[in-house]
Amino acid sequence: MSFALRLGRRAWLPLALAGVSLLLASLARHRLVEPADLTAACDAAPWSDLACSTRTVVIQAFAAQRLAIFALACALLATLRRTRAVALLALATGCAALVLYSVWLAAPAVLLAALVLVRPAERAT
């Protein structure tokens with residue numbers, strides 16, 4: 001008996017987008033945010049070079065839950081309007097926020113976006 005997972009074409013885009021978002025956020029977290037040597041170099045002058053500037057922007061994105069708030073707003077909008085493109089945006093930003101320390105608001109955003117994405121398309125009558 002075979003239990004192969006068969007996904008339609010509509011399922012691959014959200015899965016790939018979530019995977020890429022998680023990968024990029026993990027790279028940002030482990031290469032920009034957490035290294036002690038980069039932290040020491042960028043604390044004194046956060047906008048001094050490209051690495052420190054990028055690190056500062058990433059930290060500012062999740063410092064006050066900004067990324068997660070944006071993801072939740074997009075997810076709520078996608079839920080109300082049933083818009084697939086906005087749900088994809090909410091999924092991508094929500095996945096990134098989950099990795100970047102903003103779990104409290106990002107988890108419901110990802111769930112709402114996923115609910116919009118798994119809902120069957122409405123048929124024109």
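Biologist: Which residues is Leu91 in contact with, leaving aside its neighbours within four places in sequence?

Modeller: Keep in mind that this is a predicted model. With those neighbours set aside, Leu91 touches Pro14, Ala18, Val110, Ala113 and Leu117.

Biologist: And the largest nonpolar core, how many residues does it have?

Modeller: The count is 17. Leu91 is among those with the most contacts inside this core, along with Ala78, Ala87, Ala90, Cys95, Ala109 and Leu117.

Biologist: Which elements give two or more residues to this core?

Modeller: Those are α4 (66-81), α5 (84-99) and α6 (103-118). The largest share comes from α5, with six residues.

Biologist: What other core lies apart from it?

Modeller: Another one, of 16 residues, which includes Val33, Leu38, Cys52 and Ala96. As a general point, nonpolar side chains tend to be buried together in soluble globular proteins.

Biologist: Back to the helices. At what angle do α4 and α5 pack?

Modeller: About 155 degrees, and their axes are 8 Å apart. Angles over 145 degrees count as roughly antiparallel, so α4 is roughly antiparallel to α5. The crossing of the two helices is left-handed.

Biologist: Which residues of α4 and α5 meet there?

Modeller: From α4 they are Leu67, Ala68, Phe70, Ala71, Cys74, Ala75, Leu77 and Ala78. They meet Val86, Ala87, Leu89, Ala90, Thr93, Gly94, Ala96 and Ala97 of α5.

Biologist: How does that contact divide by class?

Modeller: It has 14 nonpolar residues, two polar and no charged ones.

Biologist: Different topic. How do the axes of α2 and α3 cross?

Modeller: At roughly 90 degrees, and the axes of α2 (residues 36-44) and α3 (residues 50-63) come within 10 Å. Angles from 65 to 115 degrees count as roughly perpendicular, so that is how α2 stands to α3.

Biologist: Which residues make the contact?

Modeller: On the α2 side, Leu38, Thr39, Ala41, Cys42 and Asp43; on the α3 side, Ala51, Cys52 and Arg55. By class, the contact has five nonpolar residues, one polar and two charged.

Biologist: Take Ala41. What is its relative accessible area?

Modeller: The value is 47%. Buried means under 20% and exposed means over 50%, so Ala41 is partly exposed.

Biologist: How far apart are Ala41 and Cys52 in sequence and in space?

Modeller: They are 11 residues apart in sequence, and 7.9 Å apart in space from C-alpha to C-alpha.

Terms used
Residues are numbered from 1 along each chain as its sequence is written. This is a predicted model: local features need pLDDT of at least 70, side-chain atom pairs count only at pLDDT 80 or more; totals for chains, interfaces and linings use all residues. Side-chain values use heavy atoms; hydrogens and water are left out. Axes are lines fitted to C-alpha atoms, for helices over the stretch in contact, and angles run from 0 to 180 degrees between N-to-C directions. Helices (H or I, at least four residues) and strands (E, at least two) are DSSP runs, numbered from the N terminus. Angles under 35 degrees count as roughly parallel, over 145 as roughly antiparallel, 65 to 115 as roughly perpendicular and the rest as oblique. Contact means heavy atoms within 4.5 Å. Ala, Val, Leu, Ile, Met, Phe, Trp, Tyr, Cys and Pro count as nonpolar, Asp, Glu, Lys and Arg as charged, and the others, Gly among them, as polar. Buried means under 20% relative accessible area, exposed over 50%, partly exposed in between (1.4 Å probe, protein chains only). A nonpolar core is a set of buried Ala, Val, Leu, Ile, Met, Phe, Trp, Tyr and Cys residues joined through side-chain atoms within 4.5 Å. A crossing is left-handed if the near helix is turned anticlockwise from the far one by less than a right angle, and right-handed if clockwise.
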